[in-house]
Structures are given as C-alpha cells and as structure tokens.
Amino acid sequence: MGITRVAVLGGTGYLGSRTLRALTAAGISARAASRRGEVTVDVTRPETWAALDPFDLVVDLSDTVTHPPDALVAWCLARGKTVLEATSDAPCVERLHRAHRGGTAGRLVLGAGIFTGVSNLLARDVASRVRPVDALTLGVSSSPFSGAGAGTVALMVGALKTAWVRYRGGARESREEIILGPALRFGAAVRPTVYGALAEPYMLRESTGAADVDAVMALRPGFLTRVFAGTPGFLSRSGWYLAALRGYFSLLRRVILRDAPTTVELVAEARGGGATVRRFLRAPDGMHAAAWAIAAMVESLRDGDATWTGARFVDDVCALEPVCARANALAGRETLRVGPREDAVPSRG
C-alpha cells in the first residue's frame, strides 16, 4: 500500500494551504483538492470524487462540521486509499472510528494537526510510562483571538451545542453544560480550565484503556474560561446566539486577525501503579506547527507499517518525539517544543 501522491482536501483553505507548503517542502508530491483547487473535489458531490483516483493518501482538512465527510471517507477506503482525517469534531471522529474499525480495504488514521493530533501523541507518551493507566488528563491552552479559517470557526461554534464527554471508572459520562474543570499547570503558569466538546476523551479511552479520562480547555486570556463556563446552556444552544458567534468569529479570525498567530500549549498527565508522569508541549504558532506536524505524520505513514487496514488513531501509528523532531527539521526551526517528562509529580486531590 505505497504512498507516492497526496491530495489535501481543503488545500486552498487556511490550514490547508500551509499544509500543502509543508508537504512540498518535505519532498512529497501533494495537490490541493477543493471546489476551487487544482483537483476539483466537492465533499457534497459524489460525482466529483473520481478526481481523487490518482492519489494514494488523502489528508482531510475540510470543514467536517458543515459538510460531514463520512461518505467520501468510505469511498476512499473502499478503493484502498489511506485517509489522514484531521477533524477535531468529536461526533465526527467517533462516527468514523465506529464505522471503520472493523476493517476496510484502506486505512483511516484519525487525528492530525495539534489537537487532535499532537495532543494524542503527548497523552499516549505519558500513558505508556505507567501501568496500569488509572487516569489520564489532557489540557489544551489556546486563544480564539487569532487567525483561522472557516472550518475552525464552524468547529468552535459547533462545539458549544455538542455534549462533552469524560470517563470515570471506564464508564462514559456526558453533559451539555460547559463547566469548570481542574486548574492545570502549563509550563510556569497555572490556568483555569473548562470541559468542552473535545474529541480526545473518546480517542484516548479507546487507545490507552485508561479508566478515567479528562480533556479540558484553558482559554486565553483567562477570563474567557469563566465566561464560557458561566454561559447558560439554553443560550449556548440557541440558534440566534450561535449565528451571532459565527459572524463575530468569522470577522475576527478570518479578516481582522487573519495573520495573527496563536500559541498553543498542551499538558498531559498519566497516573497509575503508584506513579504519576507529566509532560508539557508548546507551539509558538499553532497553525504553522499543525502543518509541519501533518507533513511529519504523512512521512511516518509512508515509511511505516503498510500491512494494516481499518481505522486507527494517530497515536497508534505515530510517536511524539519522532513527529516533533521531524516537524522541526522540516520547518527549519523549533515549531514544536516538547519538554522533558516529569516523574513522581504529586497528583491533584
């Protein structure tokens, strides 16, 4: 199942164009596939999908909230292609995994970019250091006041009306209201967090088997965390409120702050067997780091085990340190700064 040609769905978009440049810099033959790309593909029109026939691997960076990719992914897998699905939309990740984990002619890898993606690799790294994994906590710190594309805006707005998930004793818990999570240390700073509709809890429960799994967001500036936690549930799910947020963030992130970078910080902590292991990662420019990480993941898929089929998570097929090292080498700078593991850190109460 060799990989020689890559198509980037959404390759003319905000993250897609950056990913295309990163793949080209890695010496990978890659083309933009979109309604306006050099390869004309519309996720909603099956008659256009044949344009993907010449490609071995499809990186999906399209807006999966507005236009679910399920049918197109199934089409690619039935033809023996590899799909690297980058969506962070929790319902979409779970649907695709459940639909294809039983086996397909092709390969589906779920999780690419920063979160999901590098976040999964970081959590898997610390989880592999304790046995058994009793509890796994992932924290994501980022700011909505930065540049982004339409897919990111749709994801943000969609997450407000999507129930969030965590696991306790192996049992799934789900709530619609956004509530405060534990305060977490990101590098030198301790930040408040909120529970939100992240895809990682389901993914990490499946890939690590941890009994307790939490994934929380620390929004910057910090007051936003408490603002979102204090938003009434009925308001965050009302049509007019979501439409207003979509318009506001579209103007802010796609126009006013289009070129403004955002720092993304990740922290993961695993507890079990009387031990606690913690690790921190920082990306000074999250969107650019995501593009270089995706290029490193594509290389890993190209050069790694090609005998498996079905659906797997990115942390099943890639490892943290090789991906970060390769992303940095391709970028020619430290775009992903991963800290040392901290062992025997006292657990929070």
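Close-up 1: I256 is exposed, since its relative accessible area is 56% (buried means under 20%, exposed over 50%, and partly exposed in between, using a 1.4 Å probe and protein chains only). You'll find I256 in helix α9; helices here are DSSP runs of H or I with at least four residues, strands are E runs of at least two, and both are numbered from the N terminus. Together with L251 and V255, I256 makes a nonpolar surface patch with about 300 Å² of accessible area. Patch members have over 30% relative accessible area and no salt bridge, with like charges joined within 9 Å and nonpolar side chains (Val, Leu, Ile, Met, Phe, Trp, Tyr) within 5 Å. A salt bridge puts a side-chain nitrogen of Lys or Arg within 4 Å of a carboxyl oxygen of Asp or Glu. Areas come from the Shrake-Rupley method with a 1.4 Å probe, and for residues only the protein chains shown count as cover.

This is a predicted model: local features need pLDDT of at least 70 and side-chain atom pairs pLDDT 80 or more, while totals for chains, interfaces and linings use all residues. Residues are numbered from 1 along each chain as its sequence is written, and side-chain values use heavy atoms, leaving out hydrogens and water.

**Close-up 2: T19, tucked into helix α1.** T19 sits in α1 (residues 14-25) and is buried because its relative accessibility is 0%. Beyond its neighbours within four places in sequence, T19 is in contact (heavy atoms within 4.5 Å) with L61, A291 and I294.

**Close-up 3: R226 on helix α7.** R226 belongs to α7 (residues 223-229) and is exposed, at 52% relative accessible area. Setting aside residues up to four places away in sequence, R226 touches L180 and P192.
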